[in-house]
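Biologist: Could you walk me through this one? I'd like to see how the labels follow from the numbers.

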Amino acid sequence: MLSIIQAAGWPIWPIIFASIIAVAIIGERLWNLRSSKVCPRDLLSKVLHEHRRGGISADMMSRLQEHSPLGRILVAGLRNIDSSREIMKESIEEAGREVAHGLDRYLTTLGTIASLSPLMGLFGTLVGMIEIFGSNSPTGSNPAQLAHGISIALYNAAFGILVAIPSMIFYRHFRAKVDALVLEMELQALKLVEVVHGERKI
């Protein structure tokens with residue numbers, strides 16, 4: 001691997017740096033965008049059960065706030081449980097926007113890496129082409145410099161595409177995952193409002 005990096009020349013280092021960041025973001029988002037962590041399916045039923053048993057305590061609200069993103073949305077509604085349906089919905093929507101912003105964390109960076117990696121590979125290709133043209137002189141060409149220029153051009157183009165493809169796949173996957181999670185949390189929060197205001201049982 002070290003010999004490949006040496007053959008690829010200095011333009012490969014920004015691509016390697018971008019790939020490390022992309023791998024870190026992908027690992028972090030895979031862990032933190034799990035449905036069980038963001039939007040536990042049994043959380044709403046537990047909250048409603050607690051509410052029916054004797055109301056929502058401050059301790060329970062504090063635990064719910066720290067429990068999950070869905071918990072933070074539900075807390076926003078529960079704090080306005082004695083207000084009108086519209087006020088309760090507005091507070092939930094405000095909390096939902098904040099939570100959705102948090103779920104989008106690092107995705108812009110991952111999308112940027114997916115877009116820029118081929119361009120960084122192209123830049124390395126141009127550097128390699130310059131090396132190739134520099135190997136030509138009136139007395140002939142330098143075979144070693146010619147070979148080095150070709151390796152820079154090819155390795156950088158390949159590495160740029162190699163980083164871009166998985167980055168783009170995971171970026172699109174995470175965007176769809178966030179949209180699905182936000183929709184699910186909206187439905188859960190709406191169910192809370194309707195149950196509290198007597199418009200449905202559960």
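Biologist: What makes you say helix α6 (residues 69–78) is mostly covered?

Modeller: Nine of its 10 residues are buried, where buried means under 20% relative accessible area, with a 1.4 Å probe and protein chains only. Among them are Pro-69, Leu-70, Ile-73 and Leu-74. Keep in mind that this is a predicted model, where local features need pLDDT of at least 70, side-chain atom pairs count only at pLDDT 80 or more, and totals for chains, interfaces and linings use all residues. Residues are numbered from 1 along each chain, and side-chain values use heavy atoms, leaving out hydrogens and water.

Biologist: What covers the buried residues of α6?

Modeller: The cover includes α3 (35–38), α4 (43–54), α5 (58–67), α7 (85–103) and α9 (143–196). Helices here are DSSP runs (H or I, at least four residues), numbered from the N terminus.

Biologist: Why is α8 called roughly antiparallel to α9?

Modeller: The axes of helix α8 (residues 107–134) and α9 cross at roughly 170° and come within 7 Å. Angles over 145 degrees count as roughly antiparallel, so α8 gets that label against α9.

Biologist: Which residues touch the most other members of the largest nonpolar core?

Modeller: Leu-74, Leu-103 and Met-185, out of 46 residues. Such a core is a set of buried Ala, Val, Leu, Ile, Met, Phe, Trp, Tyr and Cys residues joined through side-chain atoms within 4.5 Å. α9 gives the most to this core, with 11 residues.

Biologist: And what does Met-185 touch?

Modeller: Not counting residues up to four places away in sequence, its partners include Pro-69, Leu-70, Ile-73 and Leu-103; contact means heavy atoms within 4.5 Å.

How values were computed
Buried < 20%, exposed > 50% of the residue type's maximum accessible area, 1.4 Å probe, protein only. Helix = DSSP H or I, 4+ residues; strand = E, 2+ residues; numbered from the N terminus. Axes fitted to C-alpha atoms, helices over the stretch in contact; angles between N-to-C directions. Parallel < 35°, antiparallel > 145°, perpendicular 65-115°, else oblique.
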